[in-house]
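Hello,

Here is the structure we spoke about handing over.

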Amino acid sequence: MKTYNAHTYEKLGFNVMLEELARRCLSEEAREQARELRPITHTPTLLDELQKVNEFREILLFDDPFPLDRLPSVGAALQKLTLEGNWLRLEELRTLLGWLQTAEQVRAYMHTRREKFPLLYSLILPDAFQKSLITAIKRVIDPAGNLRDDASHELSRIRHEIRRVSGELRGLLQRILRKANENRWSEASEITIRNDRLVIPVKTDAKGRIAGFVQDVSSSGNTVFVEPAESLPMNNRLRELQIGEQNEIIRILQEISGKIAEHLEPLQAFTHVMVQLDFLRARARLAVDIDAVLPVVNPEAKRFNLREAYYPLLVLKAKTEKINVIPLDVGFNEEQRIIVISGPNAGGKSVSLKTIGLLQLMLQCGMLVPVDARSEFRLFDSLFLDIGDEQSIESDLSTYTSHLAQMRIMGDNMNSESLFLIDEFGTGTDPKLGGAIAEAFLHRFVRQGAYGIITTHYGNIKDYAETSDGITNAAMQFDTKGLKPTFRLVEGLPGRSYAFEIAKKVGVHYTILRNARKKLGKRQLTSEQLLRQLEEKNSELEHLVTENQTKEARLTDLVTKNEALQKELTQNRKLIIREAQIEAKQLIKDANKRIEQTIRQIKETQAEKELTKKLRKELAAASPEVVEVEEGATLTLSRKGKKRKAMAKPSPIELLPDETPVEGDFVKLKNSASHGKLVELQGKRAVVEVGELKLTVKLAQLTKIRPPQAEKTRNKGTGIKRRIGQTRTELDVMGMRAEEALVEVEKLVDEALLNNLPFIRILHGKGTGILRESIRNYLSGLDPVKQLRDETIEAGGAGWTVVELKA
């Protein structure tokens, strides 16, 4: 993207964003890249870069910490090794080791996430260097960064000898120092070093008392540092060893530098990778800090829609100050390429314009932007800007002249791939003349097919936008009651300046405002009044739309919760049936075992009559009671008084609203399906027993009902009791009404599921087909039903429905 204004970055605030980006870089190389960041002109490269930044953003937000918290510069050290004979100093080797360890951690981290973050992993060079290089450096450098004693056999020998000679020499000098202290020749308590030799501090007037060589004199002249003659051989030997140590250290560093030089080319390549990762990480870090995302980017599209777009600098400011940042919603397309924004001063026009320009510039530089992820961006080849006062004393340009110069550049260079931003279009000269020239330029911009934003107060520009194709009006919304801006952009309407309202608010005398209205003219006043009424109507409409959206969201939430509840109830129903099946089978199994045990005892003991009776009683006590299934009643399995209920069918409730409930009456809670027995009255409150629970509620919330009774059902008019093992597989509903038949069908299905039957048969007859259709419609909606079919011709044909059940 080419920019045609030298102050584009400064005017939009992009230079501040680049500094924010540089602050988040770890290496100086990445900081330089941040400050020099410019739009990426190659579209595939731009899209690839945005995806990489987005992958890094996901790492920062949702993954383990990325192992890159510091990145020292090693480029100069590696460049040094390109010249033969050069070697790395110990501190350079120490820095390189830290860099290599960080690089290896980064490589290992990305390797385990190569499928999750493929674009970032593609940057990693798998063969940049071998781990053996890190191992080789660690052999000569200890964890503190010092050269190890065992870096070589010779270094180990020399350092051992240095420690021995140094110890003996110090012992000798300590004895001489003690003697000097006793004779008051010295006041020092410790020996010291001068010119790399161990010496004794002696008073100046006593320097002749100790035979030796003066190596130094204190700044005051009161102390001389004497190397005793008897320590001279040892000091010479120590100095020789120290020189030998330095020579061996240089040899070791040269050797390890040579090994590093063998990997020089891939190492230098990986330094670029690490800087690139640092720069990507900084952009991702900034994206997290300003709540930025990767929007939809379609380079070929002609539309450009921003949803909940924020000005990044205001987002950063809001992190430290308590300010409310209002997002911007704006859309462009081929029929609406240019938007003219009008409205009161300080209403947010300029911020809206800068938001669009800065976000577009950031995106085309490979940075994520603070918008809703559904926002759609297109790419532009050029960006034109005319914001603020561009007057120049050096160039002898006035404010208006500079504006004209910028508009001329736009008129000469813009096309359908251009984005332009003009603040206070046409100002700086006579309003009528300036407005006419601005309108002529605007007409040219429309014909060029360029996309852009213009802010203005000129009525002729707003009129042109209202009557021309490819351009539309927009207004910065204003709170007419509080006389303050809302900073929200409303498309489709021109904005008002609210000059009279604001003047009245700040205390301008009414006579001045009255005279101003007279001078304005009736036509202009009528236009202002119509605009005000239109804005008020539009505000009411927006309020209604927002309210409707809120209600719709609540309705959607309720529907979702209801569906979830229905699903849970269905799952619970299946679970209850399954548990009942398991318990019934277990009861039967236990009963059979008990019967077999009793029979075996009778046979083995050849029991007498009394003993046999006793065993039968024990059997009756231990065996499950008969499982009774009354049509319409609850399926109950019992053992020793313990009952389990499954698939209860509640009896219909008959309300008695005209009767006042008293203690002992059965009642129903209003606005609820719960009912129970009223066990206690407490003034205006009552205690109701609902199942095993006791509820205390207001008496006014209760309605008396007729005492519920077990519903009597029939099979062909007769109540039936069945034992387990006598499960029905057929049902005759001929002559019943549809609703009665469906109750019986439901019970038959439950019994079949309880006993794992593969199929059941229902006799409904042929007749008019209404009963048959009702039953089949009901059954086809049940999840356990696998298939419905007619019986064979010989067995009754269409008069029967055979229901195959899922296993």
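**Aromatic rings**

Searching the whole structure, which is a predicted model, turns up 11 aromatic pairs.

Elsewhere, a single aromatic cluster is formed by Phe-304, Phe-332, Phe-377, Phe-380 and Tyr-451.

Two arginines are also placed over rings. Arg-194 has its charged end over the ring of Phe-225, 4.1 Å from the ring's centre. In the other case Arg-283 lies over the face of Phe-279, and the distance to the ring centre is 4.2 Å.

**The chain as a whole**

For orientation, the protein chain has 807 residues, and 41% of them count as buried. It contains 22 helices and 26 strands. Among contacts in the chain with a separation of 6 or more, 67% are between residues 24 or more positions apart. The accessible surface amounts to about 45400 Å², and carbon and sulfur atoms hold 50% of that.

**Salt bridges**

How many salt bridges are there? The count is 47. Three of them are described here.

Lys-80 and Glu-92 form a salt bridge in which the closest N and O atoms are 3.0 Å apart. Lys-80 is in helix α5 (residues 75–80) and Glu-92 is in helix α6, so this bridge ties together parts that are 12 residues apart in sequence. Lys-80 is partly exposed, with a relative accessible area of 24%, whereas Glu-92 counts as buried at 15%. The two fall into separate classes because buried means under 20% relative accessible area.

Lys-302 and Glu-417 meet through their side chains in a second salt bridge, at 3.4 Å from N to O. Both ends are in loops: Lys-302 lies between β6 (296–297) and β7 (304–309), and Glu-417 lies between α14 (399–413) and β12 (418–422), so the bridge ties together parts that are 115 residues apart in sequence. Lys-302 is partly exposed, at 33% relative accessibility.

Asp-783 is in the loop between α22 (770–780) and β25 (785–790), while Lys-806 is in the segment after β26 (800–805), so the parts tied together are 23 residues apart in sequence. Asp-783 counts as partly exposed at 42% relative accessibility, and Lys-806 counts as partly exposed at 43%.

Some salt bridges share partners. Through such bridges Glu-20, Arg-23, Arg-24, Arg-285 and Asp-289 are joined into one network.

**Around His-675**

His-675 is part of strand β19 (residues 675–682). At 29% relative accessibility, His-675 is partly exposed. Which residues does His-675 touch, not counting residues up to four places away in sequence? They are Ile-653, Val-667, Lys-668, Val-690 and Ile-705. For one of these, Val-690, the C-alpha atom is separated from that of His-675 by 6.2 Å, and the two residues are 15 residues apart along the chain.

**A nonpolar patch on the surface**

Val-506, Val-508 and Ile-512 make a nonpolar surface patch of about 260 Å². Ile-512 is found in helix α18 (residues 510–520). Ile-512 counts as exposed because its relative accessible area is 51%, and exposed means over 50%.

**Places to look at in the model**

- The salt bridge between Lys-302 and Glu-417.
- The network that includes Arg-285 and Asp-289.
- The surface patch with Val-506, Val-508 and Ile-512.

Regards

Key: Residues are numbered from 1 along each chain as its sequence is written. This is a predicted model: local features need pLDDT of at least 70, side-chain atom pairs count only at pLDDT 80 or more; totals for chains, interfaces and linings use all residues. Side-chain values use heavy atoms; hydrogens and water are left out. Patches are made of residues with over 30% relative accessible area and no salt bridge: like charges are joined within 9 Å, nonpolar side chains (Val, Leu, Ile, Met, Phe, Trp, Tyr) within 5 Å. Accessible areas come from the Shrake-Rupley method with a 1.4 Å probe; for residues, only the protein chains shown count as cover. A salt bridge is a side-chain nitrogen of Lys or Arg within 4 Å of a carboxyl oxygen of Asp or Glu. Helices (H or I, at least four residues) and strands (E, at least two) are DSSP runs, numbered from the N terminus. Buried means under 20% relative accessible area, exposed over 50%, partly exposed in between (1.4 Å probe, protein chains only). Contact means heavy atoms within 4.5 Å. Rings of Phe, Tyr and Trp (its six-membered ring) pair if their centres lie within 6.5 Å; planes under 30 degrees apart count as stacked, over 60 as edge-to-face and the rest as tilted. A charge sits over a ring if NZ of Lys or CZ of Arg is within 6 Å of the ring centre and within 35 degrees of the ring normal.
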